[in-house]
Amino acid sequence: MKRRRFLIGTISAFAAPAVVGRAQVRTLSSGKLPIPPLMEVGEEAGNQLAAIEGSHSFIAGTEARVLGWSQDHLGPTLRLRRGQTARLTVENRLNEPITAHWHGLHVPGRKDGGPLSLIAPGREVENLLDIDQPAGTYWYHSHPHGRTGEQVYRGLAGMLLIDDDNVSAGDLPHNYCVDDIPLIVQDRAFSGSGGLQYDDDGMTAMQGFRGDQIAVNGALNPVAKVPKGLVRFRILNASNSRVYVFRFDDDRSFHQIAGDAGLFPAPAPRNKLHLAPAERAEILVDFSNGSIASLVSENVPVQMMGGMMGGGMMGGSSETASAEGILQVLRVEVDDSLPAAVAKLPQTLGGAPIPDFGEPVRRRKFQLNMMMGMGMMRGMFGGRPNLGINGESYDMDRIDQELRLGETEIWEISADMMAHPFHVHGTSFQVLSQNGQPVDYAKTGLKDVVWVENTAEILIRFDRPATKETPYMYHCHILEHEDSGMMGQFTVG
Ligand code: C2O
Ligand code: CU
Ligand code: CU
């Protein structure tokens with residue numbers, strides 16, 4: 001009988017030691033990319049995630065106090081199968097409440113791990129998750145109201161993959177850690193002693209917390225070794241607020257094959273990839289000519305719109321990065337000895353989901369509010385701001401919307417003052433428009449996060465129930481906005 005199967009990846013090790021203060025922009029370390037161990041989660045008992053506190057060395061010679069799931073920092077990559085039930089126990093060994101939210105999974109509200117499903121210190125909860133949704137790259141993280149930002153920042157996050165035996169994987173790189181590589185991208189700020197810095201007060205919470213160093217799977221500026229062929233990267237933006245515009249430093253083109261919630265109908269050529277917090281993208285990159293490349297990102301500033309602070313940009317002060325504004329993310333080197341299973345880009349992606357939303361029966365509006373009476377002023381004067389949606393700050397005791405099971409709706413979301421990544425629990429949706437421009441499904445696929453600069457429209461339907469005891473959430477996935485009340489909850493019945 002197969003129990004927990006772990007595939008241990010490479011261990012992070014840093015070469016050049018560097019002492020990094022808040023002002024210094026880059027750490028030139030070149031350790032191997034750590035790969036989270038793979039945990040196959042089926043119906044058999046024995047799979048467990050335990051939230052623990054540990055220490056982790058981001059910067060050689062220093063230790064940071066961090067959190068992790070069954071390991072010092074971050075968690076194993078969970079692999080679930082469509083058509084099966086995943087049995088997974090979650091234990092809280094911290095001294096504060098956590099939750100285990102399955103971001104992107106179509107599970108009923110009572111299994112969703114939202115803020116009302118707190119796991120108290122010392123408690124253990126068993127989850128039985130029936131998986132019936134497209135194969136893709138999802139994730140999991142803690143979600144207690146007001147504490148999500150810090151807990152995710154310190155490490156209570158991990159990647160979750162859904163496989164589907166009916167989707168032919170043969171055409172796509174699918175060898176975990178060899179040619180199918182998870183990249184959990186997070187920005188981090190360090191104190192002089194190498195500890196993690198975090199704060200969610202005042203202007204920091206208004207803009208969203210940002211760090212000046214980019215960690216991939218918990219390592220700063222690491223190196224991945226890949227085979228001489230087609231390589232699939234599954235990129236998760238697990239940063240609290242930072243937006244990335246990824247590209248390769250040699251400007252090579254690549255193909256995006258999946259977004260948040262499943263494959264595209266066909267590979268979409270790109271040379272840049274915009275990824276907002278909580279969004280995922282799977283890309284195929286051709287390394288068959290053997291040349292190395294670095295994955296970099298533009299250092300996207302925080303843009304506040306309209307009158308506030310003179311209407312100017314409010315980019316992070318100490319962190320406006322290197323002269324050219326480029327962030328180093330990952331160096332990729334080709335290793336001839338690794339097996340390259342796939343050499344040729346598939347023309348179409350067999351088994352990609354076909355959206356079947358049907359006709360919408362109503363529209364619903366969501367206005368994201370940065371300005372909630374005096375709450376905004378509180379933020380400007382250093383306290384936790386009071387943000388909201390449709391004029392109300394999140395309240396665990398209030399149900400904001402009541403939806404009907406199986407009814408398709410159009411949701412119109414509008415942003416306030418800055419762009420916001422809007423996320424909905426319990427389902428995947430189709431983005432119809434952004435800023436009034438129609439969006440091509442073939443270039444986005446199904447989503448559970450939509451980037452809202454001014455306005456966005458999504459087509460959405462829920463096929464699982466959520467009661468008032470454990471409702472679903474919609475919220476901004478800038479975690480400091482969510483923790484400051486830019487979240488609402490709803491039932492489906
Ligand atoms: Cu990533 Cu409410 O979740
Ligand atoms: Cu979620
Ligand atoms: Cu926001």
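Start with the residues of strand β9. Gly-136, Tyr-138 and Tyr-140 point one way, while Thr-137, Trp-139 and His-141 point the other, and all are buried. In a regular strand, side chains alternate between the two faces of the sheet. Strand β9 covers residues 136-141 and is mostly covered, with 6 of its 6 residues buried. Keep in mind that this is a predicted model.

Now the neighbours. β9 pairs with β7 in the antiparallel sense, over 3 bridges. There, Trp-102 has Tyr-140 in β9 as its bridge partner. β9 is also joined to β10, residues 157-163, by 6 bridges, and those two run antiparallel. Tyr-138 stands opposite Leu-160 in β10.

Next, the metal. Which protein atoms are donors to the copper ion, ligand 2? They are NE2 of His-101 and NE2 of His-423, lying 1.9 to 2.0 Å from the ion. His-101 sits in strand β7, residues 101-103, and His-423 in strand β27, residues 420-424, so the pair ties together parts that are 322 residues apart in sequence. Are these histidines buried or exposed? His-101 is buried, at a relative accessible area of 0%. His-423 is buried too, also at 0%.

Last, a sheet. It is open, has 6 strands and mixed pairing, and its order is β24-β23-β26-β31-β28-β29. The edge strands are β24 (388-389) and β29 (437-438), each pairing on one side only. Within the sheet, β28 (residues 430-434) pairs with β31 (residues 455-460) in the antiparallel sense over 4 bridges. Gln-434 stands opposite Ala-456 in β31.

That's my tour. Over to you.

Definitions and conventions: Residues numbered from 1 in each chain as written. Chains lettered and ligands numbered in written order. Predicted model: local features only at pLDDT ≥ 70, side-chain atom pairs only at ≥ 80, totals over all residues. Heavy atoms only, no water. Pairing = 2+ DSSP bridges. Donors = N, O, S within 2.8 Å, 3.2 Å for Na, K, Ca; no water. Buried < 20%, exposed > 50% of the residue type's maximum accessible area, 1.4 Å probe, protein only.
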